[in-house]
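Dear colleague,

Please find below the structure that I am handing over to you. My notes on it follow.

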Amino acid sequence: MEEPEHPTASKSPPSSPPQRRQICSHCDRPLPVCLCYALPATPLPTKTKILIIRHPHESRHKLNTTPLISKTLLNATTVSSRRLLPHHLPNQSPPAIYLFPPSPTAPAVTLSQLKSSNLLNYETTPLLLIVFDATWKHAKEMVSASEGVLKGLALRVCLDGVDENVTGGSIYDNELVLRKEPFGGCVSTLEAVARCLGVIEPNGDEVQGVLIGVLREMVRLQAGFLKPLKPRPKMLKKSKHKEEDSDQLG
């Protein structure tokens, strides 16, 4: 004989599976932040070939700008890797530059210096632009791991205004603070590519304007869904705390 159901017992309704966000089939972004209206109808052709080495972790980041470069520029190729390998390069590799800030052991030529010098005859010979897309910590590791391939192949180039003693300067910092760059002259991958092509492409102003327009729209849309990041307070070392405490007691 079956036992009667307890009067207080209740059956919970079956839980429905969470609905997945609808993704635009063209720009591959969620529909609420679709950027199709900001992208060119057809990708822009460039003399420069752009090779982006994207760290595998970057595909998880909501603000990663590399996919927008591929949607905007015809000659942009993205490779997921932790370093540049010989087989990533075109069969007949043109003169190459790679974008990265200078270091004490690896100086870099600024875009202004590149434009005013004869280091590379980019006006008549198309260039290969190599970009490392990652967090700054990972990007340093990627460049270091790629030195064997880069040496003798590519000239190290940096944006004008690189200064470790100042902050800000990127579109993220100046317009809508969604992400903080570590120091002046550090910008998103898309902004770096845009500023570089603005110098070395024959119609650089047009190409740069389109790329920056796409980036600004992305930042504007994302700002409605993400909380702006506040700069983290600098943590003082214990010795510094002790010095301040002694000053206050004295």
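How many salt bridges does a search of the whole structure find? The search finds four, a salt bridge being a side-chain nitrogen of Lys or Arg within 4 Å of a carboxyl oxygen of Asp or Glu. Before I turn to them, some remarks on the model are in order.

This is a predicted model, in which local features need pLDDT of at least 70 and side-chain atom pairs count only at pLDDT 80 or more, while totals for chains, interfaces and linings use all residues. Residues are numbered from 1 along each chain as its sequence is written, and side-chain values use heavy atoms, with hydrogens and water left out.

The average pLDDT (the predictor's confidence in each residue, from 0 to 100) is 79 for the protein, and 72% of the residues score at least 70. Over residues 163–185 the pLDDT is below 50, although this stretch has 64 contacts (heavy atoms within 4.5 Å) in the model beyond near neighbours in sequence. Where pLDDT is low, the predicted coordinates should not be read in detail.

The sheet

Helices (H or I, at least four residues) and strands (E, at least two) are DSSP runs, numbered from the N terminus. Six strands form an open sheet in the order S2-S1-S5-S3-S6-S4, with parallel pairing (two strands pair if DSSP finds at least two bridges between them). Strands S2 (76–80) and S4 (109–110) stand at the edges with a single partner strand each, so one side of each has no neighbour in the sheet.

Strand S5 (residues 128–133) pairs with S3 (residues 96–99) in the parallel sense over four bridges. Ala96 stands opposite Leu128, and Leu99 has Val131 as its bridge partner. S1 also runs parallel to S5, and six bridges join them; Leu51 is partnered there by Ile130.

Six of the six residues of S5 are buried (under 20% relative accessible area; exposed is over 50%, partly exposed in between; 1.4 Å probe, protein chains only), so S5 is largely enclosed by the rest of the structure. One side carries Leu128, Ile130 and Phe132, and the other Leu129, Val131 and Asp133.

H5 (residues 189–200) lies across S1, S3 and S5, at about 165 degrees to S5. Axes here are lines fitted to C-alpha atoms, for helices over the stretch in contact, and angles run from 0 to 180 degrees between N-to-C directions.

Charged side chains

In H3, Lys137 and Glu141 meet in a salt bridge (3.0 Å, N to O); they are four residues apart, about one helical turn. Lys137 is exposed at 56% relative accessible area, whereas Glu141 is partly exposed at 41%.

In H5, Glu191 and Arg195 are likewise four residues apart, and their side chains form a salt bridge (3.7 Å, N to O). Glu191 is buried at 5% relative accessibility, while Arg195 is partly exposed at 23%.

A further salt bridge joins Glu217 and Arg220 (3.0 Å, N to O), which lie three residues apart in H6.

Leaving aside neighbours within four places in sequence, Glu201 is in contact with Thr46, Lys47 and Thr48.

Yours sincerely
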